[in-house]
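Please look at the sequence and the structure before reading on.

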Amino acid sequence: LVEPAHPYPVELLRDALRNSMLYDEHTWGAASSITDPDSQFVKDQWTIKAGFATRANEQAHAGVESGLQALAAQVTGPGTPGLLVFNPLNWERSEVVTLPLPTQPVRVVDADTGRPAVQQVTDVDGGQLLFRAEGVPSVGYRVYRLEPVAAWPQSPAPRRLTGEVTIEAGDFRMVLSPEAGGIRSLQDRDGHEWVDPAAYRLGQLIDERCSVEPWGGRVTGRTASRGGSITSAAGPLFGWAEMPVELAELGTATLRATWSPFRPALDIELRIDKQACTQPQTIFMAFPFDIPNPRFRYELPLAMAEANADQLPNGCRDWYAVQHVVDVSNDQLGMTWFTRDAFLVEFADMQTNRWHRDLPLTSSAIFANLMNNLWFTNYKLDQSGPVSFRFSLRPHRGDYVRADALRFGFEQANPLL
């Protein structure tokens, strides 16, 4: 387990943790960041604060990369170029692995069994090679050979579609609605409908505006997004559908749903090039599930808690900070919801400044609070530039099982490397 040529990067990881904690510490900017946002003092404060997060991110990636390189250096094989796939979790896993598309056509072959892996080429994000890694052991690895071939397998051609579109998406039948910029219907193989037809569309964005009142601004209006024409393609490993999202004062945005026939889950990604807005603004993404008599369990560090039931009197119920996973369910069925990038969530409705003593669970909806500038000091007045938000949905039958929810969350947060 110890390789003298590759010592454990103690200082690198210690510095990464320090930078993470300094960024996370209480404030994200100057005291005058709202009243005087364009002053050099405020800009300098933000540069320092943002630098902690940027360096922590770079150091974390460097630590992972150096560890994988050290492991790969000890795994020798034939002269054919190889690929090591590492599983950071403590159970065996079989998952789809995504690589940047190599410059020359190759076939991915399991080095142990000699069997070609199921693979697919897509033109998503400038070109990708996907293959299914099977039976990657607990906290272990499998090695694959990249064998040259004459040509890539034919890639499924994207189709441009107009109007409302029904798509067979792995374990789901999905209806995308350009009119609302989201998913109008999501059914599983049993035909059960998971989207509340009376609510917002799944994945729809809402721009909420408030009056300027510290600790108690009133909601003054909400505007929901619309969509455009849909583009979709599907192959043996991976399918996707996307549409542009239109919302005044948002900037350019794209909503993408992806799926795999080997995985009973649906992934949702929103990409935004956000334009600056200096008025009080919150951007929500709606997940209006249709689950009667819901209970909301959400992940904390090293624990799961239930909204209302596990909270002290007068504890915050307007919004919740989650680690990765929320499970909304009753004793017959439910949905496990995973977030990779948006950790502030609101349950049942958008709850801005309602100050609930007991949260009324009037619906089973989850609203991801993607971004807001409601705080009146220490934060940036506007949030602009490119950003992405990624989510995964996994329905289940039967009551909530804590271990299943956490396992799903760990697998999404820790993909094969």
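Two strands count as paired if DSSP finds at least two bridges between them. The model described here is predicted. An open sheet of three strands has antiparallel pairing, and helix α2 covers residues 40-73.

**The three-stranded sheet**
- The strand order in this open sheet is β2-β5-β4, and the pairing is antiparallel.
- β2 (93-100) and β4 (119-122) are at the edges and have a single partner strand each, so one side of each is left without a neighbour in the sheet.
- From one strand to the next, the twist averages 25°.
- Strand β5 (residues 128-136) runs antiparallel to β4, and four bridges join the two.
- Val 121 has Leu 129, in β5, as its bridge partner.
- In general, the strands of a sheet pair through backbone hydrogen bonds, either parallel or antiparallel.

**Strands β1 and β6**
- Five bridges pair β1 with strand β6 (residues 141-148) in the antiparallel sense.
- The bridge partner of Leu 84 is Val 143, which lies in β6.
- β1 is mostly covered, with four of its five residues buried.

**Helix α2**
- Helix α2 has 34 residues and reaches 48 Å from its first C-alpha to its last.
- That span of α2 is close to the 50 Å expected at 1.5 Å a residue.
- The buried residues of α2 include Val 42, Phe 52, Gln 59 and Leu 68.
- Two glycines, Gly 51 and Gly 63, are also among the buried residues of α2.
- The buried residues of α2 pack against α1 (10-24) and β1 (82-86).

Methods. Residues numbered from 1 in each chain as written. Predicted model: local features only at pLDDT ≥ 70, side-chain atom pairs only at ≥ 80, totals over all residues. Heavy atoms only, no water. Expected span 1.5 Å × (residues − 1). Buried < 20%, exposed > 50% of the residue type's maximum accessible area, 1.4 Å probe, protein only. Contact = heavy atoms within 4.5 Å. Axes fitted to C-alpha atoms, helices over the stretch in contact; angles between N-to-C directions.
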